[in-house]
Structures are given as C-alpha cells and as structure tokens.
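Dear colleague,

Please find below the sequence and the structure that I am handing over to you. My notes on what was found follow directly after them.

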Amino acid sequence: MSDDADRVTRTDAEAAVRTLLRWAGDDPAREGLVDTPLRVARAWREWFSGYSLDPDAYLARTFEEVEGYDEMVVLRDIPFESHCEHHLAPIIGKAHVGYLPGGKVVGISKLARVVEAYSRRLQVQEKLTAQIADCIERVLQPRGVGVVIEASHECMTTRGVHTRGVSMVTSTMRGLFRDDARTRAEFLAFVEVGGHRR
C-alpha cells in the first residue's frame, strides 16, 4: 500500500462510512447500522487486498523439467471479483489466460493468483487485462501470452443505463499470440468466450 494509505487508520475509514450513511439520508447510530462502518472497513480491506500483493512474486518459482513441453498452457474460467475505479461498483467475471512456454512453466494456481492480485484493486477491465498479460510476459518471458476477460459491470446494471444481462469482453495478445494467426485461433478456440463451449 502507499504511504498515504498507511496514514489512514481504520477509525478514519469508519468515520468516512458514517459520513456517507448520513449523506444517503440514514442515521449511522441506529441499531441496524451501528456496526456497518466496521463491516465496510473490513470488507474494503479484503476487496482491495491486491495493493499489498506482488503478482510478480507468484510467478517467480518455475519448473524447467517438463520433458521439453513447449505447447500452449491455458487456464480458463478463472473467477474474479473487482471494483470499478469510477463508481466503486463490483465487476464480476472470468479470466482466461494462456502462454507458450519459453523454457519454463509455472504452477497453474499461480496464474489464478496473478488474476486475483490485480483484480483486488480499483480497476477498469481494459487495464486489468493488460496488467495480467504484462506480468506473465515480464516474469516468465514466454514466446506468447493471451488474456481474455469477460465480465459484467454493476456500474452499468445498477445505475446509469440500468442495462442487465450484458457482458464486456477484452483481450490482450502478445508475442506469437499476436503475430501468428493459428496460435491466436487455437487459444481462442480453447477459451470459447460467451458460454458456447461444449
């Protein structure tokens, strides 16, 4: 976390929640709300725990004894929860991550942890997609990386245009995933975004 965040205490955070409750028109001292500021502070600590995580560290331990395996590795349907940096509303979705090893592979749970570390920060989906790809490319130095994210945004469904049932899809392709149409097509066939997978 930043130095500024370290200077803000939980007491400060709870006071801010009480202010918002009053601004919304309710009484933070009434029975149903008296513990809400504490609960919100705890929830924020969990929701935004990604600021205290180092995604690169998750990929630091790799395996090189893989019998020369150099084909695509894909982890699909990684569930995540994030929050829109514009309205603080939830973003709920799935990430699909693939890479072509450049001599080393990583435990698959580490790919899910990279998604989690970046999603537990205030985000826009486009940036989240790029951050995951950047991290994998930087640390593993694979021959190619592909990341596809599909998510619903509560800032669009519960406010503003109130449009339900829509999802946003973003993708980032690096290396051979970008330069080789066959590699890109193989990855996209593996992930089959939109629930049409058999």
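How many residues lie between strand 2 and strand 3 in their hairpin? There are five residues between the two strands, and in the turn leucine 88 has a positive phi of about 65 degrees. Please bear in mind throughout that this is a predicted model.

**Overall picture**

The protein contains nine helices and seven strands. Its C-alpha atoms fill a box of roughly 65 × 35 × 25 Å, taken along the principal axes. Of its 198 residues, 37% count as buried. Among contacts with a separation of 6 or more, 69% come from residues 24 or more positions apart.

Five of the strands form an open sheet in the order 5-2-3-6-7, with mixed pairing. Strand 5 (122–123) and strand 7 (168–175) are at the edges; each has a single partner strand, so one side of each is left without a neighbour in the sheet. Helix 5 packs on this sheet, where it touches strand 2, strand 3 and strand 5. The direction of helix 5 makes about 20 degrees with that of strand 2.

Strand 2 (residues 73–84) runs antiparallel to strand 3, and nine bridges join the two. Strand 6 (residues 144–153) also pairs with strand 3 in the antiparallel sense, over 10 bridges.

Isoleucine 92 in strand 3 stands opposite glutamate 81, and its bridge partner in strand 6 is serine 152. For leucine 100, the bridge partner in strand 6 is glycine 144.

**Helix pairs**

Two packed helices are described by the angle between their axes and by the distance between those axes. Two such pairs are described here.

Helix 5 (residues 108–119) packs against helix 6 (residues 125–140) at an angle of about 135 degrees, and their axes are 10 Å apart. The two helices are therefore oblique to each other, and their crossing is right-handed. On the helix 5 side, the contact is made by Leu111, Val114, Val115, Tyr118 and Ser119. Helix 6 contributes Leu128, Gln131, Ile132, Cys135, Ile136 and Arg138. Sorted by class, this contact has eight nonpolar, two polar and one charged residues.

The other pair is helix 2 (residues 10–24) and helix 3 (residues 36–47), which pack at an angle of about 120 degrees with their axes 8 Å apart. That angle makes helix 2 oblique to helix 3. Here too the crossing is right-handed. From helix 2, the residues Arg10, Ala13, Glu14, Val17, Arg18 and Leu21 meet Thr36, Pro37, Leu38, Val40 and Ala41 of helix 3. By class, the contact of helix 2 with helix 3 has seven nonpolar, one polar and three charged residues.

**Threonine 183**

Is threonine 183 buried or exposed? Its relative accessibility is 10%, and residues under 20% are classed as buried, so threonine 183 counts as buried. Threonine 183 is located in helix 9 (residues 181–191). Leaving aside neighbours within four places in sequence, threonine 183 is in contact with Met72, Leu100, Leu176 and Phe177.

One of these contacts leads back to leucine 100, the residue whose bridge partner in strand 6 is glycine 144. Threonine 183 and leucine 100 are 83 residues apart in sequence, and their C-alpha atoms are 9.2 Å apart in space.

With kind regards

Note on methods. Residues are numbered from 1 along each chain as its sequence is written. This is a predicted model: local features need pLDDT of at least 70, side-chain atom pairs count only at pLDDT 80 or more; totals for chains, interfaces and linings use all residues. Side-chain values use heavy atoms; hydrogens and water are left out. Two strands pair if DSSP finds at least two bridges between them. Helices (H or I, at least four residues) and strands (E, at least two) are DSSP runs, numbered from the N terminus. Axes are lines fitted to C-alpha atoms, for helices over the stretch in contact, and angles run from 0 to 180 degrees between N-to-C directions. Angles under 35 degrees count as roughly parallel, over 145 as roughly antiparallel, 65 to 115 as roughly perpendicular and the rest as oblique. A crossing is left-handed if the near helix is turned anticlockwise from the far one by less than a right angle, and right-handed if clockwise. Contact means heavy atoms within 4.5 Å. Ala, Val, Leu, Ile, Met, Phe, Trp, Tyr, Cys and Pro count as nonpolar, Asp, Glu, Lys and Arg as charged, and the others, Gly among them, as polar. Buried means under 20% relative accessible area, exposed over 50%, partly exposed in between (1.4 Å probe, protein chains only).
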